[in-house]
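Thanks for coming. I will talk through salt bridges and one surface patch, and then stop.

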Amino acid sequence: MSYVDKLYSSAESAGNIVCMGLDPVVSRLPYEGMEDGERIVKFFDTLFSKMASRNLKVAAFKPNLGFYSVLDRPREGKFSGSIALSRVLDMLSSYFPSVPVILDSKRGDIAKSSLNYAKEAFDTWGCDAVTVSPYMGLDSVEPFCFENKGVYVLTRTSNPGAKDFQNRLMLDSVDEKEIYPVYMQVAHMLAYWVNTRAGLGSVVGATNIKELEDIALYYNDKELPMLIPGVGSQGGTAPEVLDALKKCSYPYKLARINSSSGLTSPWKDSLPSDWLDLCISKIEKLCSEAQI
């Protein structure tokens, strides 16, 4: 099954286009006193079990590699973070089979190095998709284009500093006549590349709806998946995003609206006693708001 087909299938099965970010901040988790990696595993096992018991489904999961690898101490022979990620991925396969898993690692390097990073995502971790940087061009992105896998290219990200480069104006690299911001030039290149490279997608933040609409409109006649972070604490909302995609006639079942800490640690201060119910309610709310 192609990655695009997996996205359509998982959206239909879940009834929504939610991507659940799995970015554990250990200090905010329950089960204090356990080793950090075990604490992560216990937390997600409890949460996934509760979701499964309620038949609560999302349409993708996205673990960020840095939240796990930071716990490793390879020079001391300790790999608790990598082991925790491995166990979380195993749990996803068990609790939520057929739901795409996106490894958020934002890789990008010269061709040979990119190929190794691609193998890391797809062979080592067994994920369905990966996030990559376009800064070094096609020969850096193309090695990630494995058959039936997804490649989300950073286009207009949701962080405040994105405007430092992504909103700079320059002569377009495709038509070489018009002047566009850099993020639209990336969008243009992706729309061009995807004609011969299935699985390419775009990371577009929810924090500026006008920019999201511009990109979605450009993609509306292509099967080019969009990963949309920035919902929740960064200010974006799922109803706004879904309305924008529909307004632009974008095939919205290919989009994934991502929320991470807003679903897995939605408390502002100390851990509440009802943390599990709070997580479940936040997931249910987002699934309802991003219902297809």
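**Patch and salt bridges**

Ile-110 sits in the loop between strand E3 (102-107) and helix H5 (111-124); helices (H or I, at least four residues) and strands (E, at least two) are DSSP runs, numbered from the N terminus. This is a predicted model, where local features need pLDDT of at least 70 and side-chain atom pairs count only at pLDDT 80 or more, while totals for chains, interfaces and linings use all residues. Residues are numbered from 1 along each chain as its sequence is written, and side-chain values use heavy atoms, with hydrogens and water left out.

Together with Tyr-135 and Met-136, Ile-110 forms a nonpolar surface patch of about 390 Å² accessible area. Patch members have over 30% relative accessible area and no salt bridge, with nonpolar side chains (Val, Leu, Ile, Met, Phe, Trp, Tyr) joined within 5 Å and like charges within 9 Å. Areas are Shrake-Rupley with a 1.4 Å probe, and for residues only the protein chains shown count as cover.

Now the charged pairs. A salt bridge here is a side-chain nitrogen of Lys or Arg within 4 Å of a carboxyl oxygen of Asp or Glu, and the count is 13.

Arg-156 and Glu-211 form one, with the closest N and O atoms 2.8 Å apart. Arg-156 is in strand E5 (residues 150-156) and Glu-211 in helix H9 (residues 209-219), so the pair ties together parts 55 residues apart in sequence. Are these two buried or exposed? Arg-156 is buried at 11% relative accessible area, and Glu-211 is buried at 8%; buried means under 20%, exposed over 50%, partly exposed in between (1.4 Å probe, protein chains only).
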